[in-house]
Structure formats: structure tokens, C-alpha cells
Amino acid sequence: MKTLLPAFALAAMIAGAAYAQAPEAPRGEMTAAQIIQKLEALGYKNIRKVERDDHEWEVEATSPKGERVEIDLDPKDGRILREKPDYV
């Protein structure tokens, strides 16, 4: 049990650092954390590169179908505006 505590602490620090580096939204718009939660609820995984671009949230993730995609979301309600393949 004592060996698990440091592992959980390290995982929490890494997750906290990822959220701390995520860009924040202007007042009245969804935050990066809210965008991530919304996408996870829709079945997206491996969510990465969450950034504001051209007044939209732009996210790279793995779709529920298992495909790597780039998603543009409405900053006010998190509605998916566009989803396209993300070619690496």
C-alpha cells in the first residue's frame, strides 16, 4: 500500500501539470478542462493538444471509432463544429 501512494502522487502531479499548461478561455466560454470532459463523455480518448485557435477550441484526439482526429469546437457550448482525420 505504501508503494502505491508515491505512484498516485506522481500521476496527480503530471495530470495537474497538463491542465496547468492548457490555455484558459475568455469569460463566458468553456475552459480547456470542460472541453476535455465533454469529449471524454462522447467517447474520445487520448485527448492531446487542446488549444484555442481562430476563436475555437482545437483538439487532437482518438475518436470513438479509434481514428486519430482533429476536432474544432464551439467555445461557448462545446459543440463539435468540424472533425477531420489527423495525419501525423
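**Salt bridges and fold of a predicted model**

Glu56 is buried, with a relative accessible area of 17%; here, buried means under 20% relative accessible area, exposed means over 50%, and partly exposed covers what lies in between, using a 1.4 Å probe and protein chains only. This is a predicted model, in which local features need a pLDDT of at least 70 and side-chain atom pairs count only at pLDDT 80 or more, while totals for chains, interfaces and linings use all residues. Residues are numbered from 1 along each chain as its sequence is written, and side-chain values use heavy atoms, with hydrogens and water left out.

As for the overall layout, the protein has two helices and four strands, and starting from the N terminus they come in the order α-α-β-β-β-β. Both kinds of element are DSSP runs numbered from the N terminus: H or I over at least four residues for helices, E over at least two for strands. Of the 88 residues in the protein, 28% are buried. Taking contacts (heavy atoms within 4.5 Å) between residues at least 6 apart in sequence, 28% join residues at least 24 apart.

How confident is the predictor? The average pLDDT, a per-residue confidence from 0 to 100, is 81 for the protein, and 69% of the residues score at least 70. Over residues 7-14 the pLDDT stays under 50, and the model shows zero contacts beyond four places in sequence for them. Residues 16-20 also have a pLDDT below 50, with two contacts in the model beyond near neighbours in sequence.

Salt bridges come next: a search of the whole structure turns up nine, each being a side-chain nitrogen of Lys or Arg within 4 Å of a carboxyl oxygen of Asp or Glu. One of them pairs Arg52 with Glu29, whose closest N and O atoms are 2.9 Å apart. Arg52 sits in strand β1 (residues 45-53) and Glu29 in the loop between α1 (4-21) and α2 (32-41), so this pair ties together parts 23 residues apart in sequence. Arg52 is partly exposed, at 25% relative accessibility. Glu56 has a partner too, Arg82, with 2.6 Å between the closest N and O atoms. That bridge links distant parts of the chain, 26 residues apart: Arg82 is in strand β4 and Glu56 in strand β2 (residues 56-62). Arg82 is partly exposed, with a relative accessible area of 42%. Asp77 and Arg79 form another bridge, at 3.6 Å from N to O. Asp77 is partly exposed at 38%, and so is Arg79 at 44%. Finally, Lys49, Glu51, Glu58 and Glu60 are joined in a salt-bridge network.

Lys49, in strand β1, has a positive phi of about 45 degrees without being a glycine. Asp54, in the loop between β1 and β2, also has a positive phi, near 50 degrees. Most residues other than glycine have a negative phi. Lys49 is partly exposed at 40%, whereas Asp54 is exposed at 64%.

Setting aside neighbours within four places in sequence, Asp86 is in contact with Arg48, Glu60, Arg68, Val69 and Glu70.

Terms used:
pLDDT = per-residue confidence, 0-100.
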